[in-house]
Amino acid sequence: MRATRPFASLALSALILTVLVAFWQIASSSGASQTGPVDAEYAALVGAAAAAGGQSPFPSPAEVGTRMLEHLADPFYVRGTNDQGIGIQLAYSLGRVLAGYALAALLAIPLGFAIGMSPLMYGALNPFIQVLRPISPLAWMPLALYTIRDSGASSIFVIFICSIWPMLLNTAFGVASVRREWLNVARTLECGRLRTALHVILPAAAPTIMTGMRISIGIAWLVIVAAEMLVGGTGIGYFVWNQWNNLSLADIITAILVIGIVGMTLDQALAVATRAVAYQD
Amino acid sequence: MGVFDDPFDPKARPWSCPCGRHASFAAHAAALACETVTDPEPRGAEALADRIVETAVTRAVFGTEARRRAFVGLVGRAAAAAALGAVFPLGRAKEAFAETPRRIEKRDLKVGFIPITCATPIIMAHPMGFYARHGLNVEVIRTAGWAVIRDRAINREYDAAHMLSPMPLAITLGAGSAPIPWTMPAVENINGQAITLAMRHRDRRDPKDWRGFRFAVPFDFSMHNYLLRYYVAEAGLDPDRDIQIRAVPPPEMVANLRADNIDGFLGPDPFNQRAVYDGVGFIHLLTKDLWDGHPCCAFAISREMIREAPGTYHALLRAIVEATAYSSNPANRREVAAAIAPQNYLNQPQTVVEQVLTGSFADGLGRVQRVPNRIDFDPFPWHSMAIWILTQMKRWGQIRGDIDYAQIAEQVFLATDTAQAMRELGLSPPATAKRTHVIMGRAFDPADPEGYLASFAIRRG
């Protein structure tokens, strides 16, 4: 890639955003519908669009912006069990994601190491991994609810089960593909197995492991929204479900943007960590 | 006359106030809003318990308010009490009543609900203080769907829950889940559902023309499913072959209707009204026109919970029955709508909830209809309703083999407990738990469920 001027790309981004928002504004305001004569009493009982004989339109950028400001102005309120601010819902979701993800990392990285270092283990576990990996994590949800008998723990389990595979496979792959020369050098220097693992294999496989962790956190964040929509209670996914319940698209769009920004932040944090362990051959 | 009033006073206040301490229901409601006392202690708990027994006995003996007044007015207070005491062991009844456990074992409870107007009594009992009045600290938790509420209730994450009235039967029988003894001590709402069709079907109102339609119902084990199947089967369509029925969570029904994924739904309110509000569909018919007084949602609790905490169960049931009676009064419906519409409960525009509860609603076709009993609230769990539900479960192959209809009904629908709670609150429950229901002009006799089942041409198995 040729060197680009950062200002130019930034300006282009801003231009694309402006065009999209302008298009959205025009599209959402042009939904004028056929008007049938409706009496005033009836009109008072239905939404403005239904009174005019149409369907409620998609919210305009201005409406969404207003809702977004309202949410962001007071993100941490608690007005009862079922009515809490968007910031609190985000905190619940992040808590679940980090718990499930940490558990997965604790299991996947040592296990991946074992698989990568031993062709026997790799052969034995590979069929299980290949069958379990493509299962949509949400398919686990009814099973988890039935066996764990706790909806909060079930959500964490679903995060765990979906974020374990990329870490496991990447760790195994990274460990298995450490250059033979390096291992031979270690053997020549009479390093013990543990020392070889910690001082030769781990640094060599670290970038691959980190890539696996980065993929995992992305998947975990994708899945938590769906899991919370299914189980309800708390979390940003529940917030989306709840606003869907009220058919409030402006709130849903707000939540979508917030989910995107948080996901990007998580991904960038791991990208920084990946760069920290990168090396040049 | 309230439960705490002297039944031997011919001028005692009328029955309209559930606690008997106010002249009218309006005064009762007004006092309720600022009242913090949970027990009317100043008058002495024992004296009150005695009053409750006296009231219950006089009510049983005289039957109607007019007869009681006439008799007591005629012979005088003391003579009336003595006369009654001669034929009924009042003193012993008072002792027996005082012995029943009134200790509340567990005060902090979690009750799950689905955000629909069917759950009105369970929900409004929270903001309007009915749980607190009975000494309970209840947290009402909105839940995402019927399968989830069932699993969370089974897992004891909830102490009690809002369920569809066929669900406790299904859970007890093990249809769709492992069999666990479940109970239903109170019906929440009667009527209050509707068939909503997409706008483009406004000229296809005859169910005979519905071949190929795709419908949504909230759950397989729901009155909605059974009523929709019944309705189309009466029109000659086989609900399994000629139309498609899918279980879709209520909030998603309107979104699906809008996206043309379904042609209509038989669903709970406020979503029928919400479809009208958003110009997506129109109300084809109210389920009260299929079966006036049909049960819908219920207050359900596990048998285990009742055994472990009988005092809590008793207080909770009384709170629910009282909240149901309050919700049933048309004069309170607007106030109830305002209490349950906010984000913490239903999360719907207030006008939508109000139209459902008051029965003055836009039908989606440009008319304002006035149907005051569009939805009503009546806690009494008729065993005959349970038997009807069981016949439909069998009709559509959800359960197989021989079942003892009456026994299961009695085991799950706790009519005796409901009746007791109603009596304690000064309401008058029916004397028996079985009656003939009329569904689309066809009478259902609870004494002959198998004969009823055999009378349907369209059925599975």
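Are Phe380(B) and Trp382(B) buried or exposed? In this predicted model, both residues are buried. The passage below starts with chain A, moves to the interface, and then returns to the aromatic rings and the backbone of chain B.

Chain A holds 12 helices and zero strands. Of the 281 residues in chain A, 42% are buried.

Thr234(A) sits in the loop between α10 (193–231) and α11 of chain A. With a relative accessible area of 15%, Thr234(A) is buried, because the cut-off for that class is under 20%. The side chain of Thr234(A) makes a polar contact with the side chain of Arg96(A), at 2.7 Å. Neighbours within four places in sequence set aside, Thr234(A) is in contact with Gln89(A), Tyr92(A), Arg96(A) and Glu228(A).

Tyr238(A) and Trp241(A) both belong to α11 of chain A, which covers residues 236–245. They are three residues apart, about one turn of the helix. An α-helix has 3.6 residues a turn, so residues three or four places apart point the same way.

The interface comes next. Here 45 residues of chain B are in contact with 36 residues of chain A. The area buried between the two chains is about 3300 Å². Carbon and sulfur atoms give 45% of that area. How many salt bridges are there between chain B and chain A? The count is zero. Polar contacts do occur, and the rule finds 12 residue pairs across the interface.

Several elements of chain B each supply at least two residues of the side that touches chain A. The helices are α8 (146–154), α11 (250–258), α12 (271–277) and α16 (350–358). The strands are β2 (137–142), β12 (360–362) and β13 (368–370). The largest share, five residues, comes from α11(B). By class, this side of chain B has 21 nonpolar, 12 polar and 12 charged residues.

One of these contributing helices, α8(B), is mostly covered. Eight of its nine residues are buried. They are Trp146(B), Val148(B), Ile149(B), Arg150(B), Asp151(B), Arg152(B), Ala153(B) and Ile154(B). After α8(B) comes Arg156(B), with a positive phi near 65 degrees.

Aromatic pairs were then counted over all chains. The total is 17. Tyr238(A) and Trp241(A) form a stacked pair, 5.9 Å centre to centre, with 20 degrees between the planes. Which type of pair do Phe380(B) and Trp382(B) form? Their ring centres are 5.1 Å apart and their planes lie at 80 degrees, so this pair is edge-to-face. Chain B also has an aromatic cluster. Its members are Tyr230(B), Trp291(B), Trp388(B), Phe444(B), Tyr452(B) and Phe456(B).

Some backbone angles in chain B deserve a note. Most residues other than glycine have a negative phi, and most peptide bonds are trans. Asp260(B) is partly exposed, with a relative accessible area of 39%.

Asn347(B) also has a positive phi, near 60 degrees, without being a glycine. This residue lies in the loop between α15 (333–340) and α16 of chain B. Asn347(B) counts as buried, at 6% relative accessibility.

The peptide bond from Asp269(B) to Pro270(B) is cis. Its omega is near 15 degrees. Pro270(B) lies in the loop between β9 (264–268) and α12 of chain B.

Note on methods. Residues are numbered from 1 along each chain as its sequence is written. Chains are lettered from A and ligands numbered from 1 in the order in which they are written. This is a predicted model: local features need pLDDT of at least 70, side-chain atom pairs count only at pLDDT 80 or more; totals for chains, interfaces and linings use all residues. Side-chain values use heavy atoms; hydrogens and water are left out. Contact means heavy atoms within 4.5 Å. Buried area is the accessible area (1.4 Å probe) that two parts lose on being put together, summed over both. A salt bridge is a side-chain nitrogen of Lys or Arg within 4 Å of a carboxyl oxygen of Asp or Glu. A polar contact is a pair of N or O atoms within 3.5 Å; within protein, one must be able to donate a hydrogen and the other to accept it, and residues adjacent in sequence count only if both atoms are side-chain atoms. Helices (H or I, at least four residues) and strands (E, at least two) are DSSP runs, numbered from the N terminus. Ala, Val, Leu, Ile, Met, Phe, Trp, Tyr, Cys and Pro count as nonpolar, Asp, Glu, Lys and Arg as charged, and the others, Gly among them, as polar. Rings of Phe, Tyr and Trp (its six-membered ring) pair if their centres lie within 6.5 Å; planes under 30 degrees apart count as stacked, over 60 as edge-to-face and the rest as tilted. Buried means under 20% relative accessible area, exposed over 50%, partly exposed in between (1.4 Å probe, protein chains only).
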